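Good morning, colleagues. Please have the sequence and the model open while I speak.

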Amino acid sequence: MERKLEKNTFGKRLKSMLRVDTRRMFTSPLFYIMVGISLVVPILILVMTTMMDGKVSVDPQTGKETVMEGFKNVWQIFGSVSDTGGATGGANAEGAGMGMDMSITSMCNINMMYFAVAVLVCLFVAEDFRSGYAKNLFTVRAKKTDYVISKTAVCFIGGAAMILAFTLGALIGGKVAGLPYTMDGFNVYNFVCCVLCKTLLVSIFSSIFLVMSVVGKQRSWLSLLLSFGLGMFLFMTVSIASPLDAGVLHVILCGVGGGLFAVGLGAISNLVLKRTALV
Amino acid sequence: MNAVEIRNLTKNFGAKQALNGLNMTVPEGAIYGFIGENGSGKSTTEKIICGLLHQSGGEVRLFGKEQTDVDVRAKMGVLIEAPGCFAGLTVWNNLMLQAENLSLPKPQEKVRDVLKLVRMEGAAGNKYKNCSLGMKQRIGIAMALLGEPALLVLDEPINGLDADGLRIMREVLTDVAKRGCTVIVSSHILGELEKVATHYGIVRGGKMIREMTAEELENSCRSFVALQAKDMARANALLRAKYVRVEEDEKGYLRVYDQVSVESVVEYLYRYGVVVSEVGTDKIGLEEYYIDLMQGEK
């Protein structure tokens, strides 16, 4: 029996793929758990560090005293202004040069959300391979490009939602902790640009995590390990690329950078899928 | 046209050679029973056909086109290992996702259609994780059938199924083939495979050692005379003394595989005072043919 083999255009394939991935992301408990965590974490950080602010702990071995330093204002959890030290207080030096500030206020900020994005991306992609969905998909779809584009886009949306949830959580957390909302050295416009930059930078991270996920396939532990390892290298640049006093130029640079990274890393993901076994 | 044509297929996993110049021809519309021992290369071949593994050498053509052809691949259905469903979603939602993935027009209608085909209409609302093994296998087939595939590749779809599940699976495969779909099905349950397959391919050590139609199998299967006698021990000794191949089957019948008539065997035993109580002729099935072939190869 002769069968007519219909043409399946790139646009048609990508559209259906995007529809499926978007639906999967928004019906997945994982997405809501991660967004929930992103919302709650800043509230907990701000409230707890404010409660501990000024408390002195003594090392029983050395007798050395350490004063716990909390956030001085709400914005500190988003980063610092480009000219370090002024606006957001000395404790927030996470973007100040290459020197590592290990204080709690510099470590527990919005940038750590990029690692949480790794969890979302790696588990989301690993589920494709674990369930056999990828097998079904790649049998009927010889081209891997649509999968990579769709996954990059949807993982970016998921990651962006987490960054925005963190922003909302931080604003609520500041109110609960009673922290001031005084903007020193930047304004609302700069803050919006800063959050936008951080959101756009998700595309770089989600693309990296996608590469690691297609390398690890159903082994989410491997994907996560690789993602955390590689993400660490870029982690330090986030604060430099998205300061609190960011302007439209920062947004453009982050957007272009994010786009270029997404394309480049997407090509790598595509190559990995083409060259490796899919089972 | 052949649905699948494979020539000199090789696949190496490091130093291990999984496929060693395998040739395979699956005519369009066939139910192709793909048989072989564990590790003989069945799953590897199926995965290569589906584009999930890359061959080290050789050529795979599907419906006369390159195996990587986008349009050909869009007309494939597969059930290899896991069915490709998400545990937390209902059967219906899993199928709807796949329907969307395939850009099917009227997806709800198609989903309803395949659920009916695999006798799962009543379980559409069940969560996939709560389904039994038999149901999961049928859902997997439903997923594979959604795009009205021209080629369906099923890897061990009847493993672990109960009698009812086997019957339903048999009916499903026959219905699918009636729709004009070519089916490649690998299984170790040869008795079941024999009931549906129209063609067979027997693979060993990464090579196709025999390909044949169901009719050719029928003709190749040796016929035998099976009998029971009052004195089975004496009958056994007498038959073994005269004929080349005599075996006792699991039901206690003595089988004479030599080219002899029933009458001559009965007369021979009667001559030596052994009374035959039951006698008849039969043919060996796929399972015995396969065992014979494997023993011959060894």
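This is a predicted model: local features need pLDDT of at least 70, side-chain atom pairs count only at pLDDT 80 or more; totals for chains, interfaces and linings use all residues.

The centres of domain 1 and domain 2 of chain B, taken over C-alpha atoms, are separated by 39 Å. Domain 1 of chain B covers 2–213 and domain 2 of chain B covers 221–297, with bounds that come from an automatic or database domain assignment. Residues are numbered from 1 along each chain as its sequence is written, while chains are lettered from A and ligands numbered from 1 in the order in which they are written.

The contact between the two domains takes nine residues from domain 1 of chain B and seven residues from domain 2 of chain B; two residues are in contact if their C-beta atoms, placed from the backbone, lie within 7 Å. On the side of domain 1 of chain B that touches domain 2 of chain B, helix 7 (190–196), strand 9 and strand 10 each supply at least two residues. Helices (H or I, at least four residues) and strands (E, at least two) are DSSP runs, numbered from the N terminus. Which element gives the most to this side of domain 1 of chain B? Helix 7 of chain B does, with four residues. By type, this side of domain 1 of chain B has five nonpolar, one polar and three charged residues. Here Ala, Val, Leu, Ile, Met, Phe, Trp, Tyr, Cys and Pro count as nonpolar, Asp, Glu, Lys and Arg as charged, and the others, Gly among them, as polar.

I turn to the sheet. Six strands of chain B form an open sheet in the order 6-7-8-3-9-10, with mixed pairing; two strands pair if DSSP finds at least two bridges between them. Strand 6 (76–79) and strand 10 (207–213) of chain B are its edge strands, each pairing on one side only. Strand 9 (residues 199–204) and strand 10 of chain B run antiparallel and are joined by six bridges. Within that pairing, Tyr200(B) has Met212(B) in strand 10 of chain B as its bridge partner.

Helix 6 (residues 163–178) of chain B lies across strand 3 (31–36), strand 7 and strand 8 (182–186) of chain B, at about 150 degrees to strand 8 of chain B. Axes are lines fitted to C-alpha atoms, for helices over the stretch in contact, and angles run from 0 to 180 degrees between N-to-C directions.

Finally, chain A has nine helices and two strands.
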